[in-house]
Amino acid sequence: MATDTDHTFDIVVIGLGPGGEYLAGTLAERGLRVLAVDRNLVGGECPYWGCIPSKMMIRAADSLAEARRVEGLAGSVGEVRPDWSVVAKRIREEATDSWNDQVAVDRLTKKGATVLHGTGRITGPGEVDVDGTTYAATKGVVVNPGTTPSVPPIEGLRETPYWTNHEIIEADELPDSLVVLGGGAIGCELSQVMARFGVEVTVVEAADRILSLEEPEASEKLVAALEADGITVRTGVGAEKVSHDGSSFTITLADGSTLEAERLLVATGRRADPAAVGLDAVGVPSDARTAPVDDRCRVTDGVWAVGDITGKGAFTHVSMYQAGIVVRDVLGDDGPPAEYAALPRVTFTDPEVGAVGMTEAQAREKLANVEVGVTPLGETTRGWIAKADGFIKVVADADRGILVGATAMGPAGGEVLGALAVAVHGQVPVDRLRSMIYAYPTLHRGIETALAQLD
């Protein structure tokens, strides 16, 4: 184990995504000697290839769609001409500094952390190797390595120049046509962006519906929305073979049909690798897909894990939430343990799909007495005015008289979700929710109607 001053720290943080960066900076500000290590960019996927640039893309695409809605609402509109170069420039200059993390590095060092770009790996209790140099961690090690795109074992795929979220975010020019493998949140969001910028898009999802982890009603309405944007959605059939002839892709599906496109985007999920950061050296099985953590995010004594690798939800807000718990645990501060029953999640399509807690199907698997209430958004006054499609759905544990899940799909669905997330997290009695005053005319007033529909 390293013992000299330059190689001894209180805490070593491996992986500087949002949670890791926050944790390293906060502990450094509190006076701990912190070594912060990342083999890529400080900040991780979120600011460079994930949340921030993708939402810039979505905002731009939504503005195009909104402009086209003038007809029938406010008069007539001339031709709306998309220009991707405006979006690409904004992503490059405003969001990512051309994928340079110097600002983030400086932010951490000013807080007192030591930053290294390199591959960090736990080699034993309190010991980390970074590219051949050993460092000691007297208080412990935190891992926040994130995930990498999960590329399915489709014949020929790995030999082609397919895109992941990195390539599509970095694109200065868009293709004429695109096939998207994967109908989850990322696939649906990026498909809609591309279509609204004039790309011919086909989504291929092997499951029987897109957004398969959300309510079936959300899947159905989102298919209709994507198709209204000109997107072809193929569900219940996977890809079996991929080839590339130098200019275009040919994708052979399981039913024997083929698709051709200039580009192929693989959006079939992401994978964590606990062994890659050395968790096998502290007792985690080398073939584990996630890092087992307790309610303080401890893997074992002196080792914590935060973010995607914990398997609690591949969201920036989960990573930040867990980072706060680890900060308190390292410093010996009291605080509530981690809990995930009210985990919120948002798919930023148009309409947005905001959800929290359990779906109806999950609740019926786990609970004896489930009640469900649904209100179409178009039946609310604000939804009718806006000509908005969507719904609000609440799922209740009837025995306890509380909500255990909810979905808000529609304009600003993720914002409407806020009230529902508070209700689920706080275990607010349904009768108490029914007695609230809901502002009129708002979209969130539909919550009151959905509560009235509980069985």
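Helices (H or I, at least four residues) and strands (E, at least two) are DSSP runs, numbered from the N terminus. The model is predicted, so that local features need pLDDT of at least 70 and side-chain atom pairs count only at pLDDT 80 or more, whereas totals for chains, interfaces and linings use all residues. Residues are numbered from 1 along each chain as its sequence is written, and side-chain values use heavy atoms, with hydrogens and water left out.

UniProt, in an unreviewed entry, places the feature "domain: FAD/NAD(P)-binding" at residues 9–323; such annotations may be inferred rather than shown by experiment. Over residues 9–323 the chain is 30% helix and 25% strand, with the end C-alpha atoms 19 Å apart. The unreviewed entry also places "domain: Pyridine nucleotide-disulphide oxidoreductase dimerisation" at residues 344–450. That span is 34% helix and 31% strand, and its end C-alpha atoms lie 19 Å apart.

Two packed helices are described by the angle between their axes and the distance between the axes. The axes of α1 (residues 18–29) and α5 (residues 102–110) come within 8 Å and cross at roughly 30 degrees. Therefore α1 is roughly parallel to α5 (angles under 35 degrees count as such). Axes are lines fitted to C-alpha atoms, for helices over the stretch in contact, and angles run from 0 to 180 degrees between N-to-C directions. Glu21, Ala24 and Gly25 of α1 meet Ala104, Arg107 and Leu108 of α5, contact meaning heavy atoms within 4.5 Å.

The second largest pocket holds about 730 Å³ of space, the volume being the space filled by probe spheres set on the grid points. A pocket is an open set of points on a 1 Å grid over the protein atoms alone, where a 1.4 Å probe fits, with protein on both sides within 12 Å along at least five of seven lines; lining residues have an atom within 4 Å of a point. Of the 24 lining residues, Glu66, Arg69, Asp350, Pro351 and Pro411 are the closest to the centre of this pocket. Helix α3 (51–68), α8 (216–228) and α11 (381–386) each supply at least two residues of the lining, and α3 gives the most, with 5.

Most residues other than glycine have a negative phi, and most peptide bonds are trans. The peptide bond from Asp350 to Pro351 is cis, with omega near 5 degrees; Pro351 sits in the loop between β18 (344–347) and β19 (352–357). The bond from Tyr440 to Pro441 is also cis, with omega near -10 degrees. Cys297, not a glycine, has a positive phi of about 65 degrees.

Definitions and conventions
Angles under 35 degrees count as roughly parallel, over 145 as roughly antiparallel, 65 to 115 as roughly perpendicular and the rest as oblique.
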